[in-house]
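The sequence and the structure come first, and the description follows.

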Amino acid sequence: MRVLERVTPTTPLFLFHFSRRLLYGVFYAAQPAALNQVPEAWCGKATGGPSKATASKKAGGSPYPAQLRVLRTGDIRVWTPPDGARYTQGAMSSELVDTLLRALRARGRSAREADLISQSSSSASSSASSSA
């Protein structure tokens, strides 16, 4: 939980879709991170997690229990990193965050699929990498 406690409203957050190799951003925390804010988040056949009914009954809840609500402050961008780029979930160096921010601005495109995320706030897993 230490990494989650370091995420502040000014921490840039990214969501990396590992199977499609797409980086989405930038998001910011709308409120502090917590465990299982939405127990059924990331459940179901698409993620390989438990069904929503099973997740809500289990004490463990979501297969990705570390969650935070995010705030959209503008257009969400998506970018396909070079094939050699490797990312892991969790904290990133400030240099890598700066590199990703520049790449999203310069080479990213508008992520129309991100329009499903409300302009105010929504829930995202902490597998969104951050500089914290």
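The sections below go from the whole chain to single residues.

## Basis of the description

The model is a predicted one, in which local features need pLDDT of at least 70 and side-chain atom pairs count only at pLDDT 80 or more, while totals for chains, interfaces and linings use all residues. Residues are numbered from 1 along each chain as its sequence is written, and side-chain values use heavy atoms, with hydrogens and water left out.

## Overall layout

The protein has three helices and eight strands. Helices (H or I, at least four residues) and strands (E, at least two) are DSSP runs, numbered from the N terminus. Along the sequence their order is α-β-β-β-α-β-β-α-β-β-β.

Of the 132 residues in the protein, 38% are buried. Buried means under 20% relative accessible area, exposed means over 50%, and partly exposed is in between (1.4 Å probe, protein chains only). The accessible surface is about 7700 Å², and carbon and sulfur atoms account for 54% of that surface. These areas come from the Shrake-Rupley method with a 1.4 Å probe; for residues, only the protein chains shown count as cover. Among contacts between residues at least 6 apart in sequence, 74% join residues at least 24 apart. Contact here means heavy atoms within 4.5 Å.

## Two nonpolar cores

A nonpolar core is a set of buried Ala, Val, Leu, Ile, Met, Phe, Trp, Tyr and Cys residues joined through side-chain atoms within 4.5 Å. The largest nonpolar core has 14 residues, and Leu13, Tyr24, Phe27 and Leu68 touch the most other members. Strands β2 (22-29) and β4 (66-71) are the elements that give two or more residues to this core. The largest share comes from β2, with four residues. Apart from this core lies another, of 13 residues, including Leu23, Val26, Met92 and Leu100.

Not counting residues up to four places away in sequence, Tyr24 touches Leu13, Phe14, Leu15, His17, Ile76, Arg77, Val78, Ala111 and Glu113.

## Helix α3

Helix α3 covers residues 94-107, 14 residues in total. From its first C-alpha to its last it reaches 20 Å, close to the 20 Å expected at 1.5 Å a residue. The expected span is 1.5 Å times one less than the number of residues.

Val97, Leu100, Leu101, Ala103 and Leu104 are the buried residues of α3. They lie on the same side of the helix because they cover an arc of only 165 degrees around the axis. This arc is that of the directions from the helix axis to the C-beta atoms. Glu95, Arg105, Ala106 and Arg107 are exposed on the other side of α3.

## A buried glutamine and a partly exposed one

Gln67 lies in strand β4 and is buried, with a relative accessible area of 0%. A polar atom of the Gln67 side chain lies 2.8 Å from the backbone nitrogen of Val38. The backbone oxygen of Tyr64 lies 3.2 Å from a polar atom of the Gln67 side chain.

Gln31 is in the loop between β2 and β3 and is partly exposed, at a relative accessible area of 36%. Leaving aside neighbours within four places in sequence, Gln31 is in contact with Gln37, Leu68 and Arg69. The side chains of Gln31 and Gln37 are joined by a polar contact of 3.3 Å. A polar contact is a pair of N or O atoms within 3.5 Å; within protein, one must be able to donate a hydrogen and the other to accept it, and residues adjacent in sequence count only if both atoms are side-chain atoms.

## Backbone geometry and an exposed loop residue

Most residues other than glycine have a negative phi, and most peptide bonds are trans. The peptide bond from Gly25 to Val26 is cis, with omega near 0 degrees, and Val26 is in strand β2. Arg21, in the loop between β1 (13-17) and β2, has a positive phi near 55 degrees. Asn36, in the loop between β3 (34-35) and α2 (52-57), has a positive phi near 50 degrees.

Arg112 lies in the loop between β6 (109-110) and β7 (121-125) and counts as exposed, at 70% relative accessibility. Arg112 and Val78 are 34 residues apart along the chain, and their C-alpha atoms are separated by 9.1 Å.
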